[in-house]
Amino acid sequence: MSPKDIGHSQHRLAISVELKLRATGLTLDEIVADHLDYLHHEAFFVVSTRFEVTAYRTLWFGLQYDSETVEQGETVGNGALATVRWYDGEPVGDGHLQGQFAALKDVVGDMIDKGVFTPSTARQYLKRKLAERVGDRQELLIPTGESPFEKASLNHS
């Protein structure tokens, strides 16, 4: 799908999609918590019944590439979704968030290697810092395990 076809009501959706259903009858919460692979899918799109598209960037919390001591990170249910704003067929501000998140993961990986964080505290830190970076500018969805996902944002006064 061309980004030009996404997020603009004046554009007609002119794509060919090969449907390969894996499951049906799932809620958005169930999909992002139990089925979405945050490492192998860089984007996630929600299409309403009126063909309104909301685009999300996937942000994987796995630290195996950022830490010498973490051997493997879960890919399903282990990440966040941040909305992506589009202008003239291109994502706006997306690269900045991706760069900040990559730097954050690098620091968190170092903190695990130094024994400052456990994998659990590292995940909590990633969630909190990511919510601070995103703020109220974008929607941020993070699967929690207790309820399927939380909408994370901080109120700035």
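My entries below go from the overall fold to a surface patch, the salt bridges and a pocket.

**Ground rules.** I am working with a predicted model, where local features need pLDDT of at least 70 and side-chain atom pairs count only at pLDDT 80 or more, while totals for chains, interfaces and linings use all residues. I number residues from 1 along each chain as its sequence is written, and side-chain values use heavy atoms, with hydrogens and water left out.

**Fold.** I found three helices and seven strands (DSSP runs numbered from the N terminus: helices are H or I with at least four residues, strands E with at least two). Along the sequence I read the pattern α-β-β-β-β-β-α-α-β-β. Of the 157 residues, 38% count as buried (buried is under 20% relative accessible area, exposed over 50%, partly exposed in between, with a 1.4 Å probe and protein chains only).

**Surface patch.** I noted a nonpolar patch of about 310 Å² made by Phe45, Val47 and Phe51 (patch residues have over 30% relative accessible area and no salt bridge; nonpolar side chains are joined within 5 Å, like charges within 9 Å). Val47 sits in strand E1, residues 43-47, and is partly exposed because its relative accessibility is 43%. Phe51 is in the loop between E1 and strand E2 (53-60), and its 61% relative accessible area makes it exposed. Most residues other than glycine have a negative phi.

**Salt bridges.** My search of the whole structure gave five (a side-chain nitrogen of Lys or Arg within 4 Å of a carboxyl oxygen of Asp or Glu). Glu52 pairs with Arg50 at 3.3 Å, N to O; Glu52 is partly exposed at 45%, and Arg50 is exposed at 63%.

Asp66 and Lys105 meet at 3.9 Å, N to O. Asp66 is in the loop between E2 and strand E3 (79-83) and Lys105 in helix H2 (residues 94-113), so this pair ties together parts 39 residues apart in sequence. Both Asp66 and Lys105 are buried.

How many residues line the second largest pocket? I listed 13, and those closest to its centre are Phe61, Leu63, Asn78, Pro119 and Arg123. Helix H3 (residues 119-134) gives the most to this lining, with four residues.

Technical notes:
Areas by Shrake-Rupley, 256 points an atom, 1.4 Å probe, with all protein chains shown as cover. 1 Å grid on protein atoms, 1.4 Å probe; cavity = no way out; pocket = protein on both sides within 12 Å on 5 of 7 lines; lining within 4 Å.
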